[in-house]
Amino acid sequence: MTEYKEEDYLMLSGIQHFSFCRRQWALIHIEKQWDENVRTVEGNIIHQKAHNNMFDEKRKNIIISRGMPIYSNSLGTSGECDIVEFHKADDGINLVGEEGLYQVFPIEYKRGKEKEEDADRLQLAAQAMCLEEMLSCQIKEGYLYYHEIRRRTKVIVDNELRQKVYEMFIEMHQMFERKYTPKVKRAKRCNACSLKNICLPQLNSVSTVQEYMNRMLGEDNE
Amino acid sequence: MKRLLNTLYISNPESYLSLDGENVVVRRDEKEVGRVPLHNIDGIVSMGFAGTSPRLMGYCAEKNISLTFLSTSGRFLATICGESKGNVILRKEQYRISDNKEQSLRIAKNMILGKVYNSKWVLERTIRDYSLRLNTEILKEKSEYLTASIKSIQQATAMDQLRGMEGEAASVYFSVFDTMILQQKDKFQFDKRNRRPPLDKVNALLSFTYTLLVSMCKSALETVGLDAYVGFMHTDRPGRASLALDLMEELRSVLADRFVLTLINKKMIHASGFYQKENGAVIMEDETRKTVIFAWQSKKQEEIVHPFLKEKIEWGMVPYVQALLLARYVRGDLDAYPPFLWK
């Protein structure tokens, strides 16, 4: 299995950008470009709430940890979990300073509602894979909390999802290594993209610069 | 397209700027004289010396709002610069191109083509619009020279040669600039370009407008992650925003010169709004400067269709779009740098 150096770790949350659009991911993570739109600002507010407005807490059978830093050596990524819940369970793992055994559940807060695309589920699965590596445990499921519907959706972290995460990170590392930003492919999703003004998806439909120059300068020579 | 936001111009040198919540607060003599929400602003230009609070500077740097200080005569003094935008890979590629004569020439050639093309079309527009009022023969003649110049620029093989062609085209263009002044002719005359200091009112207006334009170009380049100080045609010189000057070349005539002509021809400004120093330097009165800035703001909001992207944008967005296209060329997304060609 590949082992990544810490300095080569990529941002875990990038997987949602990557699965949305390779170019968007490259613009953010390779070119370090960022533009806020209404969606990103909403997202920030929701995450701030999940991280800061509440403290870590213990209930009878649950320990809730907020803003936990996580990483994975084999994926080469690090990031943060909005919430990790530890539920008391007989088939769980022991935790330092806690009595009993616990099952581990990552929970990620998202704006909007459940989406058809895999982006959110992939991010959650990647978090689960980090936690498994760090805690030497097995995680079968986690939850996505959608702010608009104010409800948790269960995500089963199955082999198919894990495989996808794994392959995606390999692809991300390769692209990052080459510092390569893929060319524009205009799609419907471009309209929802906060980086539209930086990406210029219409570059795809314009003529070459040479043609443009010939056309504009040529007219004068008539 | 990116939203065109406003630039806040502070023309009173006694104004002190500070941050309150999400607002910039303007104070004079300890009294609040103005308050503007910052989410509508993408730049602040302060002409004066009273200062700005560090908290406002920090906020501007973080939110990518450009904050520029000019002297009262409009000379550039300083700008607040936060963390570098964009990534070092882009900048390194820019530096590589800047060090490579052939690659620099390729970009510079297109920029200068843009410059000459646009100044030619400023003349052509005047010919078309005012054929009853002026001797179009002389304009026609100069326009033809510029057409020929465009052809030779395409053949240029060295930067010095290109600079020579550019200089000649500029002097031909400015030789008929006075012809395009159609109103207040006895009070606004243009002989030739002079800058340090401007020796007539037209030059004072041109210099001031160029300062406004160059600060737009500079922040546009910084926004897209390019280094405004490393140019392709203008050579490096400490403290000189060479790339901003490069980018500005193609926009001078269409954005700045036409704007100055409009100010005079539409009698938006008057000769009484200027005064002359003992040494001949011509300086604008505060009120005139305000009028110019106000008109500049509305000019920036006028819409055009970008000739390359074919998308409707405001004039004020043109420097940003050109900077973005330049960055995209440097990254290899485009086969060449497409200059802004207007007619």
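Q: What makes the radius of gyration of chain B agree with that of a compact globule?
A: In this predicted model, in which local features need pLDDT of at least 70, side-chain atom pairs count only at pLDDT 80 or more, and totals for chains, interfaces and linings use all residues, chain B has a radius of gyration of 20 Å. The radius is taken over C-alpha atoms, and the globule rule is 2.2 Å times the number of residues to the power 0.38. For 343 residues a compact globule would have a value near 20 Å, so chain B agrees with it. Along the principal axes, the C-alpha atoms of chain B fill a box of roughly 60 × 55 × 40 Å.

Q: How are residues, chains and side-chain values to be read?
A: Residues are numbered from 1 along each chain as its sequence is written, chains are lettered from A and ligands numbered from 1 in the order in which they are written, and side-chain values use heavy atoms, with hydrogens and water left out.

Q: How many helices and strands do chain A and chain B have?
A: Chain A comes to seven helices and seven strands, and chain B has nine helices and 12 strands. Helices (H or I, at least four residues) and strands (E, at least two) are DSSP runs, numbered from the N terminus. The elements of chain A run β-α-α-α-β-β-β-β-α-β-β-α-α-α from that end.

Q: What makes α7(B) oblique to α8(B)?
A: Helices α7(B) (residues 242–265) and α8(B) (residues 286–301) pack at an angle of about 125°, their axes 11 Å apart. That angle makes α7(B) oblique to α8(B). From α7(B), the contact is made by Val254(B), Leu255(B), Arg258(B), Phe259(B) and Leu263(B); from α8(B), by Val292(B), Ala295(B), Trp296(B) and Lys299(B). By class, these residues divide into seven nonpolar, no polar and two charged. Here Ala, Val, Leu, Ile, Met, Phe, Trp, Tyr, Cys and Pro count as nonpolar, Asp, Glu, Lys and Arg as charged, and the others, Gly among them, as polar.

Q: Why is Gln297(B) counted as buried?
A: Buried means under 20% relative accessible area, exposed over 50%, and partly exposed in between (1.4 Å probe, protein chains only). Gln297(B) has a relative accessibility of 13% and therefore counts as buried. This residue lies in helix α8 of chain B and, neighbours within four places in sequence aside, is in contact with Asn6(B), Thr7(B) and Tyr9(B). Buried residues make up 58% of the 343 in chain B and 49% of the 222 in chain A.

Q: Why is helix α2 of chain A described as largely enclosed by the rest of the structure?
A: Eight of the nine residues of α2(A) (residues 22–30) are buried, so the description applies. The covering elements include β1 (10–11), α1 (14–20), α5 (159–178) and α6 (196–199) of chain A, together with α9 (318–331) of chain B. Just after α2(A), Lys32(A) takes a positive phi of about 60°.

Q: How do you know whether Leu135(A) is buried, partly exposed or exposed?
A: The relative accessibility of Leu135(A) is 28%, so this residue counts as partly exposed. Leu135(A) is in helix α4 (residues 119–135) of chain A and touches Phe86(A), Ile93(A) and Val104(A), residues up to four places away in sequence not being counted.

Note on methods. Axes fitted to C-alpha atoms, helices over the stretch in contact; angles between N-to-C directions. Parallel < 35°, antiparallel > 145°, perpendicular 65-115°, else oblique. Contact = heavy atoms within 4.5 Å.
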